[in-house]
Amino acid sequence: MSSQKTTLDLINERKPRHALSRELYTEEAVFQQDLAQIWHKEWIFAGHTFEIEKPGEYITLQVGNYPVIVVRDDNGAVKAFHNACRHRGSRICKNAKGKSAKLVCPYHKWTFGLDGKLLFAGNMGDNFDASEHGLNTVHCEVVNSYIYVCVADQAPDFEAFRETMSTFTTPHNLDDCKVAFESNIIEKGNWKLVFENNRECYHCDGSHPELLNSFVENLSVAGVGGEEDPELTAHWDKCEAAGLPSRLVMDQEGQFRMTRIPLSAKAVSYTMSGAPAVNGRLDTSGVEDIGALLYFLYPSNWNHFLGDHALSFRVLPLSSGETLVTTKWLVPKDAQEGVDYDLDNLTKVWLATNDQDRELVEETFLGVQSPAYVPGPFSDIAENGVCQFVDWYCDIMKKRLA
C-alpha cells in the first residue's frame, strides 16, 4: 500500500456499487485495521451452548489477535476468558474443544477455576496475591443456544439483536439440538471475499448443482428495499399464521438480517432429493414446507434453519489471505445417526457447496492480487446482497477511522 494512502483513503476512493480495490483485500495494514476496527470490537459467534453442556466442557476460538476460551462453569453458566495465562502468557487450552475440571496452564501449571479465579501458582512467594491474577474475562452473551463473544473492553449493545433473533429462532427449539457433524475448512482468501460470496447467488447456476435441488435465492430480501413478490408474501403469511415469524427484518446499520424464504417446488430440506434429511422436526408449527429461515450477523455468522435441521456457519480471519469457515449441522438431540438420519444424506449438499465456494473465493483472491485488477460494478439485479455487505463494511470503517 502506498505510504501516502491510508485504509480510509482507499475506502473513500471506492465507487458506489463497485467492488473493493486490490489493496483492501490484500494489504497487511488493511487487515490489521479490519481486526482492530471490526473483529476486536463486534460480537463474534463462538459456538453453541449444547457443545458445552457439562461443567468443565470448553471450546476455543481465535478472534483476530485474541485467543478465547468459552467454558461451562461449575454453576452451569457459560463464561468466556482470554486464553492467555496471567503468568507469562501461554495459551491455557490449545485444543478446539475439551473438558477439564480446572483450567491448567501447560507451562508452569498455574491452575484456574472454571470461574477464572487463580487457584494455584507454585513458587510465587508469600507476597503474591492470587486474587489479582485471575483470567481476564471476555464479554459473553447467549441467545437460543448461540454463544457470542466480544473482546473489546466495552462491548456494543446486544439487546436489539437478541430481541430480533429470539423472535425468529425460538420456535426452532435450538436448545434441544446437538451437532450431528462439523466441518472446518481454511479458504485461501480474504474474509471479506468469503462473506461477499455468501451474500449472492449470481454464481449459483454455474457452481452449485447440489444446492439448487432445493435452494432458490429470493432477490427481494438480498439487499435493502427490494420489491416483495407474491410467492414470498404468501409464504410469509402461511408461516406466520403457524407461529413462525418470517417477514424481513434488518437493523438500521445493516449488520444483521432475519427472513424466511421458500425452497424450490416440492423441496423441504437441503438434500439431493429435497426430502427431509432427519426424522422429526425442530419446530412445532405443523407446516411441512416452512422453507429456510436465513439470518446473518456481520462479520462472523450466517445461518439456515429448516423444518428438520439447521446449519450454523462461522467465519474467522486467520490472515489477510486465509479464512477459517466452520459449518455445523444441527439436529434434534434425541435423533440417532443411522436411525433418524443418514449422515451422508444430511451433509452432502453443503459439503459440496462449501468446497465449491472455497474454490470460488480462492480464485477470486488470486485474481484481485493482480496489479491489473480494477474493481467492477455490482449487478443491479443479482448483487444487491453483496453490495449491502460491502456498503456496511465501508460505512463502519469510515466511522471508526475518521
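A: The largest cavity is lined by 30 residues, and N198, R199, E200, F215 and H304 are the ones that lie nearest its centre. This is a predicted model, in which local features need pLDDT of at least 70 and side-chain atom pairs count only at pLDDT 80 or more, while totals for chains, interfaces and linings use all residues. Residues are numbered from 1 along each chain as its sequence is written, and side-chain values use heavy atoms, with hydrogens and water left out.

Q: What makes a space a cavity, and what makes it a pocket?
A: On a 1 Å grid over the protein atoms alone, a cavity is a set of points where a 1.4 Å probe fits but cannot get out. A pocket is an open set with protein on both sides within 12 Å along at least five of seven lines, and a lining residue of either has an atom within 4 Å of a point. By this rule there are 2 cavities of 30 Å³ or more.

Q: What is the volume of the largest cavity?
A: About 440 Å³, where a volume is the space filled by probe spheres set on the grid points, joined across faces, edges and corners.

Q: Which elements give two or more residues to the lining of the largest cavity?
A: They are α5, β13, β14, β15 and α8, and α8 gives the most, with 5 residues. Helices (H or I, at least four residues) and strands (E, at least two) are DSSP runs, numbered from the N terminus.

Q: How is the lining of the largest cavity divided by class?
A: It has 15 nonpolar, 9 polar and 6 charged residues. Ala, Val, Leu, Ile, Met, Phe, Trp, Tyr, Cys and Pro count as nonpolar, Asp, Glu, Lys and Arg as charged, and the others, Gly among them, as polar.

Q: Which residues line the second largest cavity?
A: The lining consists of R199, E200, E217, L219, A222, I381, A382, E383, N384 and G385. They divide into 4 nonpolar, 2 polar and 4 charged, around a volume of about 30 Å³.

Q: How much space lies in the largest pocket?
A: About 480 Å³. Of its 24 lining residues, D251, E253, G254, Q255 and W392 lie nearest the centre. Two or more residues come from each of α4 (159-169) and α9 (384-401), and α9 gives the most, with 7 residues.

Q: Why are β11 and β12 called edge strands?
A: Two strands pair if DSSP finds at least two bridges between them. β11 (177-187) and β12 (249-250) each pair on one side only, so they are the edges. The open sheet has 7 strands in the order β11-β17-β16-β15-β14-β13-β12, with antiparallel pairing.

Q: How do you know that β12 and β13 pair?
A: They have 2 bridges, and at least two are required, so they count as paired. In one of the bridges, M250 has R257 of β13 as its partner.
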